[in-house]
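Take a look at the chain below.

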Amino acid sequence: MEAAARRRQQPGAAGAQPGASFLQGRHSSIKADEADHTAPFHLDLWFYFTLQNWVLDFGRPIAMLIERSPRTLPRSVIYVSIIIFIMGASIHLVGDSVNHRLLFSGYQHHLSVRENPIIKNLKPETLIDSFELLYYYDEYLGHSMWYIPFFLILVMYFSGCFTASKAQSVMPRPALLLVAPSGLYYWYLVTEGQIFILFIFTFFAMLALVLHQKRRRLFLDSNGLFLFYSFALTLLLVTFWVAWLWNDPVLRKKYPGVIYVPEPWAFYTLHVSSEL
């Protein structure tokens, strides 16, 4: 009877071994059933995602991206990311509101806070420190708390966009048409938000994930290709943008250091608004 029981258990045990070697926990990179199931290209998701980003500003439709994720994202990570995201957006909106008021008063975005004509003569001088603190909260703390959760969720979404069928690794024509406005928007985020380092690390993480899954004979599906090509186009646009303004002496002074990525608004106040 014991031998018969062992014979009855052997098929189940043998069948479990391949799954055990392939799955390394709940949050493994790609599950077998997820790899076999190829999601269609979410035209409505990416169209409204791009449109709402442009019209309503960055990150408003983030919940729609989470709901359409091919993988079940960890709830704790989602909740923490959304909380930090909202806090960062709130800090940014407050700082941006003050910044736009200053622009109407003659604030020149291509100059540092202390070098601006309407700021440098303020009395007492401690007021200048207050404006520099506001600039820090807006451009550094607010942007970091805003963008890091967003790109983290994008990477988690991207990690589920793989298929075992190479024939499914193609983009439909509507997706190709959306790559340009999507890549252009991410270019604006990277340049105006001054988050090139965060962006390039995100892109390299996506590239590393693609190479890793390729060794396992898994390929990007249409949604993954759309996101990857959008980021590749963004990197190309940022490269052209930096090369074009590489020798600008004023912007070079505003953005010193190795990472030189001028903001579009700084370019506008320096070269465009002065000629209007």
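This is a predicted model: local features need pLDDT of at least 70, side-chain atom pairs count only at pLDDT 80 or more; totals for chains, interfaces and linings use all residues.

Residues are numbered from 1 along each chain as its sequence is written, and side-chain values use heavy atoms, with hydrogens and water left out.

Start inside. The largest nonpolar core holds 54 residues. Such a core is a set of buried Ala, Val, Leu, Ile, Met, Phe, Trp, Tyr and Cys residues joined through side-chain atoms within 4.5 Å. Buried means under 20% relative accessible area, exposed means over 50%, and partly exposed lies in between (1.4 Å probe, protein chains only). Trp46, Phe158, Leu227 and Phe231 have the most contacts inside this core. Among the elements that give two or more residues to the core are α3, α7 (126–158) and α8. Helix α7 gives the most, with nine residues. Helices here are DSSP runs (H or I, at least four residues), numbered from the N terminus.

Now follow α8, residues 173–192. Its 20 residues reach 30 Å from first C-alpha to last, close to the 28 Å expected at 1.5 Å a residue. That expected span is 1.5 Å times one less than the number of residues. Helix α8 has a kink of about 30 degrees at Val179, shortly before Pro181. The bend is the angle between axes fitted to the seven residues ending there and the seven starting there. Val179 is buried, and so is Trp187. Just after α8, Gln194 takes a positive phi of about 55 degrees.

Next, the charged pairs. The whole structure has four salt bridges, each a side-chain nitrogen of Lys or Arg within 4 Å of a carboxyl oxygen of Asp or Glu. One joins Glu132 and Arg114 (3.0 Å, N to O). Glu132 sits in α7 and Arg114 in the loop between α5 and α6 (117–120), so this pair ties together parts 18 residues apart in sequence. Another joins Lys253 and Glu115 (3.5 Å, N to O). Lys253 lies in helix α11 (residues 249–254) and Glu115 in the loop between α5 and α6, so the pair ties together parts 138 residues apart in sequence. Lys253 is exposed, at 61% relative accessible area, while Glu115 is partly exposed, at 33%.

Last, find Met87 in helix α5. Met87 and Gly142 are 55 residues apart in sequence and 7.7 Å apart in space, C-alpha to C-alpha.
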